[in-house]
Amino acid sequence: MVTTSLTIEDIVKKTPDLPTIPAAALAVMREADSSVSTAHSVAAQIAQDQALTARVLRLSNSAYYGLSRQVVDLQEAVVVLGMRCVRNLAVVAATYPWMSKPLKGYMLAPKQMWTHSFGVAVAAQLVAKKTGSAPDETSFIAGLLHNIGKVALSIWLENKLPMMMNMAIKEGIPFDELERKVLGFDHADVGAFLGEQWNLPKIFIEAIHYHHRPDECIPPNSVVDCVHVGDYLTMAMGFGLGGDGLRYDVSENALARIGLSETDVDELTEDFVKEYQKYESLFEEMSRD
């Protein structure tokens, strides 16, 4: 029941205020994963963007990290916190401004998109650590970026929302399935296309594309599975639901691939809430922008 001839390319070309990740943050992501990167080379990439530099330094000095002295330059931040931690801070700082905006097409109030995305980042990292199935810092970034397609797709859903909500209640199906019925594609498809335009690493594009349907990722990707389970966990805990939190089915195959039972997932909820609450000092720093 596709009701529009709109294509994913149309979405990306015609959406006003399309989200972007600064070139410096993208360069940091690639540099931090390079086998020949150094604290100096990672710091040099961040330094290309003055606003990003200021945010990363501010976040590095937040109460969350509890450093005994103030970090005053980027290279020091990389040395003290670690290359991948600083990479994560750069992506957090780069995405917060547009992830914190309201998304009417998904009934998301200001900061709800951010609340959910950051929740999935924390949960995916926790799942990766518990299972040892995937790099936890990579799982964090993949979780943070998993819903970027919603930011682009939201405006196109605003006038369809009442009809889609009625369908969701009547048919009892997940919102991403409704998107595919109405549009012919969903926010994960849009997000993956957007990630390709940004030249994101393949592992992140796959996590964005398959976070609802991890069994379709061939060959299987443990980061995708961690993000999928993290998304389920975050939804179950009610973090930033909006209009599409009506139903979310977790893949038993994904759980099996990373060595988790549904009981294990239930036991993770308390750890997840504690870990999320520890990040509140970072939220305070970001909200000063």
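This is a predicted model: local features need pLDDT of at least 70, side-chain atom pairs count only at pLDDT 80 or more; totals for chains, interfaces and linings use all residues.
A residue is taken as buried when its relative accessible area is under 20%, as exposed when that area is over 50%, and as partly exposed in between, with a 1.4 Å probe and protein chains only. Residues are numbered from 1 along each chain as its sequence is written, and side-chain values use heavy atoms, with hydrogens and water left out.

By these criteria Cys85 is buried, its relative accessible area being 13%. A search of the whole structure for disulfides (pairs of cysteine sulfur atoms within 2.5 Å) returned zero. For Cys85, the closest cysteine sulfur belongs to Cys226 and lies 19 Å away, which is too far for a bond. Cys217 is likewise in no disulfide, the nearest cysteine sulfur, again that of Cys226, being 12 Å away; Cys217 is buried, at 2% relative accessibility.

Helices are DSSP runs of H or I with at least four residues, numbered from the N terminus. The axes of helix 7 (residues 112-131) and helix 14 (residues 222-236) come within 7 Å and cross at roughly 125°, where axes are lines fitted to C-alpha atoms over the stretch in contact and angles run from 0 to 180 degrees between N-to-C directions.

Definitions and conventions: Helices (H or I, at least four residues) and strands (E, at least two) are DSSP runs, numbered from the N terminus.
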